[in-house]
Amino acid sequence: MIELLLAFQDEAVYTRGGWANQTLVHPVGLAALAVSAVVVLAAPRKYAIIPFFFLMCVVARQRISIVTMDWDFIRILIVVGWCRVLLRKETRGFRIHLLDKFTIAWSVCASLGYIIQQASGDAMVLRAGATIDTLGAYFLFRVLIRSWDDITTLLRGAALIAIPIAVAFLIEKSTGRNLFSAFGGVREFTKIRQDRLRCQGAFAHPILAGSFWATMIPFFVALWFGAKDKILSVAAVASTLLIIFACSSSTPVAAVGLVIIGWGMYFARAHMSTIRWSILGGLIGLQLLMQKPVYHLISRIDLVGGSTGWHRYHLFDQFVRRIGEWFFVGTHSTAHWGYGLFDVTNQYVLEAVRGGILPLVFFVAMVVTAFVAVREVLRGTKGNRERQMLGWAIGVAIFTHSIIFFAVSYFGQIVILWHLTLAIAASAAMLSRIPEPSHARRASVPARRSTTARPIGVTGRAPTPLPVRPVKERPA
């Protein structure tokens, strides 16, 4: 256990602080950024988000440090994206959704809470960068996603990118060397835990890599219901599962289980209210019957061996017990909460630790409002099976993210993916409010032929008289 926690500490320093205030640019990474920027500026709107997904999966934490502010390549691409939007005046016709308002409230409260807590110029610089990565990315994606075709095109591009990424992960799994280390920013030799290689690719951590792709599975499944994407759907899901296998982490494996549960609930969608209340009642019952809090169940999750479930339980337990420390504007450190608890592996706890109760409340409100947006999509697309499946996929992805938050705190590329998922939910909800043309509704619902004779008068309309031909008389 001691070796595990020491490795945890070294990993936290390496992945979160080891590369701060350092310019790290590789010629290949710079070329990838340049090509991505050109595509974002020049391509049609429906292709403009695909370079972001490509850069997240390929370029390993490249950055340019300017006056203590780190400009990650993704951050630079977000600025390029806003230049495109402003130059082309693509904000025209944009409408605000409730999720947009909660996202703004969360970002403002998180920034103010952290700046007040730290009371330093560095805190302002850090939150400025974080705001570009979160609020800037979210609204950029909201503006760029303006049609159902935009969403489908993005998912197709992500599915195509998943296939070569899976090949790179399998090579890392078989050789123990990370191909993306040639660009800098990640380790050359793959980490080993309990004789298992934990591949990470261009991501900062194997858990984040696996969780990133696990939360994409619902979208790849939704492609199956398109007219021409069945083969691509199967290939993307298979590639994603191979990536998760290579990561050898319990959290992504559990996320796959959550995806299966989420899609399984589609067949019981008419009873979701009963299911939700039953789950809540079950948790309350366990809380009354168990000797320890119900969240102690987190400590028992170990799907691939070497899991740190007890660490996650202990962190959340101390979070509940020390509410007075973080309630107003968070706390400077959680290292004194217990051995190894300097590493906050819970997104909900991290929101409170960074800025206090208000960021936590608005963060939860964002998640809840995202589910409300999914409900809007499902209600507004009745009769269109393809869009219904896409709406359900959005809900499954948000559900998977919301549970993963109990096991890991997001940083790096997966932060962009989370806000992209929220943007898809809000944009799809706005699109579902637009009524479809009558001919489109008729085309989406095939007509059924009646196999039985219908009695006259059932339709409530007078029967159409049959034409009567005059009878000619024959001469006698």
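Q: What share of the contacts in the protein chain with a separation of 6 or more comes from residues 24 or more positions apart?
A: Residues 24 or more positions apart account for 74% of these contacts, where a contact means heavy atoms within 4.5 Å. The model is a predicted one, in which local features need pLDDT of at least 70 and side-chain atom pairs count only at pLDDT 80 or more, while totals for chains, interfaces and linings use all residues. Residues are numbered from 1 along each chain as its sequence is written, and side-chain values use heavy atoms, with hydrogens and water left out.

Q: Why is glycine 129 called buried?
A: Buried means under 20% relative accessible area, exposed means over 50%, and partly exposed lies in between, with a 1.4 Å probe and protein chains only. Glycine 129 has a relative accessible area of 1%, and is therefore called buried. Of the 476 residues of the protein chain, 51% count as buried.

Q: Which residues does glycine 129 contact, leaving aside its neighbours within four places in sequence?
A: With those neighbours set aside, glycine 129 is in contact with Met69 and Arg75. The C-alpha atoms of glycine 129 and arginine 75 are separated by 8.0 Å, although the two residues are 54 residues apart along the chain.

Q: Where does glycine 129 lie, and how does the span of helix 6 set against the expected one?
A: Glycine 129 lies in helix 6, residues 121–144, helices being DSSP runs of H or I with at least four residues, numbered from the N terminus. The expected span is 1.5 Å times one less than the number of residues; helix 6, with 24 residues, reaches 33 Å from its first C-alpha to its last, close to the 34 Å expected.

Terms used: Helix = DSSP H or I, 4+ residues; strand = E, 2+ residues; numbered from the N terminus.
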